[in-house]
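Please look at the sequence and the structure before reading on.

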Amino acid sequence: MSTSANSDLAALTGDYTLDPAHTTIGFVARHAMVTNVKGQFREFSGTLHLDGSDPAKSTATLDVTMESIDTGNADRDGHLKSADFFKTDEYPTMTFRSTSAESLGGDDYRVTGDLTILGTTKPLTIDLEYNGTAKDPFGNDRVGFEGKAEIKRSEWGLTWNAALETGGVLVSDKIKLVFDISAIKNA
């Protein structure tokens with residue numbers, strides 16, 4: 001939300017809905033200590049309330065359907081849905097509810113909130129870059145952000161692992177979260 005991308009920040013003020021067709025809620029985990037496995041959640045809903053004049057009054061919500069996890073490998077996805085990881089039968093949704101927002105200067109923002117996984121709620125801070133606004137061909141006002149955060153999965157009770165013969169573990173505790181957000185302003 002900077003003047004470099006939009007000269008009238010007050011015009012951003014309003015309520016938005018995430019566009020699932022143009023938004024990615026993803027993650028990266030180190031696998032076998034040698035490579036990264038990337039994945040995303042295909043089903044989610046979310047809202048933003050943006051205050052262009054006072055970003056601290058902005059809010060965000062996100063509800064993710066855990067069954068929609070997709071790493072490009074059906075066997076791995078099945079394992080992630082199982083009792084070893086996300087227990088999707090018992091905990092079908094992961095949620096995020098913002099508790100504060102702040103401008104870091106320029107196009108950079110920080111949103112802090114409560115992330116709930118497996119019934120455990122812990123704080124999460126997401127650094128965001130504002131990508132701009134546009135009116136799409138259907139007349140919708142859109143806003144875009146890119147974001148990232150890191151968590152230790154063990155803090156949410158995600159502790160399954162396997163020791164490697166060469167040392168180390170199969171799945172890293174540190175998980176990188178990545179967000180590519182496109183939201184449509186509500187009429």
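Lys135 counts as exposed, because its relative accessibility is 56% and the cut-off for exposed is over 50%. Its side chain meets that of Asp141 in a salt bridge, with 2.9 Å from N to O, and Asp141 is itself partly exposed at a relative accessible area of 35%.

The model is a predicted one, with a mean pLDDT of 93 for the protein and 96% of its residues at 70 or more.

| Salt bridge | N to O distance |
|---|---|
| Lys135 and Asp141 | 2.9 Å |
| Asp136 and Arg142 | 2.9 Å |
| Arg110 and Asp127 | 2.6 Å |

In the pair formed by Asp136 and Arg142, Asp136 is buried with a relative accessibility of 12%, and Arg142 is likewise buried, at 17%. Salt bridges with shared partners also bring in Asp19, so that Asp19, Asp136 and Arg142 belong to one network.

The salt bridge between Arg110 and Asp127 links distant parts of the chain, since Arg110 lies in strand S8 (residues 108–117) and Asp127 in strand S9 (residues 120–135), 17 residues apart. Arg110 is partly exposed, with 28% relative accessibility, and Asp127 is also partly exposed, with a relative accessible area of 30%.

Key. Residues numbered from 1 in each chain as written. Predicted model: local features only at pLDDT ≥ 70, side-chain atom pairs only at ≥ 80, totals over all residues. Heavy atoms only, no water. pLDDT = per-residue confidence, 0-100. Salt bridge = Lys/Arg side-chain N within 4 Å of Asp/Glu carboxyl O. Helix = DSSP H or I, 4+ residues; strand = E, 2+ residues; numbered from the N terminus. Buried < 20%, exposed > 50% of the residue type's maximum accessible area, 1.4 Å probe, protein only.
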